[in-house]
Amino acid sequence: MAEEFDLIVVGGGPVGLSCGWQARERGARTLVLDKTGFLNEQCGTSGAERHWRLQYTQQDLFRLTLAALPEWRRLESLADRKLIHEIGSLWFGDVTVSTNEGRIADTARNMDRFDVRYEWMTAAEIERRFGFRNLPSHFEGFLQPDGGTIDVRATLGALYGLAQANGVVLRGGEAVRELVPDADGVTVRTDRGSYRAAKVLLATGPFVNDLLEPLGARLDVNIFEMALVSLRLAQPDRDFPFWFVFQQPTEDDTNLFYGFGRNPWSPHEQVRLGPDFEVNPIRHASKATGRPDPRHVDRVSAWVAEHLPALDPEPVRGSTCLAVLPADPNRQFYLGTAGNLVPHGENVVVCAAGWGFKFVPLLGGICADLALEGTTTHDISRLSPTRAAHEATSAR
Ligand code: BEZ
């Protein structure tokens with residue numbers, strides 16, 4: 001007899017643990033499976049910090065960050081530790097440049113609409129306040145003081161602890177081989193045996209298509225192995241908010257860079273920066289090398305040498321993260337049931353793709369809503385998973 005659960009979560013990363021904890025809190029017998037083991041830094045969660053921001057260009061996503069904030073506060077309170085560090089979120093550059101992350105001018109209009117405070121700044125003010133230099137004079141931007149960074153490891157630890165304390169069955173090192181949805185639920189076959197559940201959540205990050213493809217569907221996602229570098233502070237007293245520079249793309253890359261300030265859990269004299277280059281997608285997450293593309297590291301160093309005298313442009317350390325993004329730049333996430341994707345997909349909830357760490361406690365709650373109630377009060381209509389229109393052709 002297969003062991004039975006109300007919900008099986010495939011993928012024990014931040015979203016999977018967040019959903020597992022909240023589903024169990026609502027009384028559901030919940031199993032979370034992770035093929036690697038918990039609290040690892042694989043998939044998109046690599047690295048010590050992630051950007052926390054309220055502002056979004058898209059109004060539905062803006063509403064979701066506003067809804068995520070009280071969920072972060074609840075998580076912080078249950079875990080009895082601070083997870084969001086409000087060092088501010090600074091967006092600057094060419095205010096009309098449009099990227100997957102948004103547009104500065106439209107986002108400022110949304111902050112007015114949602115009554116979110118910010119300070120508008122010229123290039124000269126940004127240079128004076130934060131130590132940038134040689135910014136093109138037409139650059140402008142804003143500081144949203146409630147934004148900042150999220151402590152990734154503390155968040156994962158908090159979610160794992162809550163899942164465990166609430167009685168979620170956590171099985172690491174067990175790989176799901178097959179999902180078989182039917183009218184009454186889903187059979188989940190792993191390398192150790194079979195389970196049965198009324199619902200399944202697929203929270204497998206860049207591996208999402210591995211379990212959908214055998215069912216005849218795939219999400220149109222691109223996987224980018226993006227570089228991150230740690231740089232030493234040349235001016236020991238200098239600190240930064242989280243910053244993101246929106247520039248016109250070059251012929252070779254999307255020409256976007258971001259950086260974090262100091263944080264209490266990393267080497268004090270270093271900060272991390274990355275290029276957000278949505279170029280050269282990899283064919284499958286298993287093709288990730290863990291080594292940053294030297295050209296991208298050089299581009300970060302060159303930008304720093306030109307614009308950030310407070311940092312030594314020579315990297316101390318390099319790493320990568322896997323960014324999984326919908327191929328359609330107008331949609332930032334896939335979130336909903338697989339009803340439109342596969343037969344009996346109404347029993348499979350999918351949460352995949354997008355820069356989602358900032359939504360983690362909320363995403364877990366929404367996935368639990370979808371799995372246990374069949375619906376959610378949050379507006380996720382635009383994010384509903386749909387089939388890939390075509391196979392990606394440009395992936396290496
Ligand atoms: C974000 O806030 O969603 C984000 C931050 C840095 C790089 C890419 C996305």
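**Strands and their neighbours**

Visitor: Which residue in β8 stands opposite His-51?

Guide: This is a predicted model, where local features need pLDDT of at least 70, side-chain atom pairs count only at pLDDT 80 or more, and totals for chains, interfaces and linings use all residues. Residues are numbered from 1 along each chain as its sequence is written, and side-chain values use heavy atoms, without hydrogens and water. Strands (DSSP E runs of at least two residues) and helices (H or I, at least four) are numbered from the N terminus. β3 joins β8 (148–151) antiparallel through 4 bridges, and His-51 faces Thr-149.

Visitor: What is the strand order of the open sheet of 3 strands?

Guide: Pairing needs at least two DSSP bridges between two strands. The edge strands, β3 (49–52) and β4 (84–85), each pair on one side only. The pairing is antiparallel, and the order is β3-β8-β4.

Visitor: Why is β2 described as largely enclosed by the rest of the structure?

Guide: Buried means under 20% relative accessible area with a 1.4 Å probe, protein chains only; exposed is over 50%, partly exposed in between. Side chains in a regular strand alternate between the two sheet faces. In β2, Thr-30, Val-32 and Asp-34 point one way, Leu-31 and Leu-33 the other, all buried. So β2 (30–34) is largely enclosed, because its buried count is 5 of the 5 residues.

Visitor: In β9, which residue is the bridge partner of Leu-31?

Guide: β2 pairs in parallel with β1 (3–10) over 4 bridges. β2 also pairs in parallel with β9 (169–172), over 4 bridges. There, Leu-31 has as its partner Val-169.
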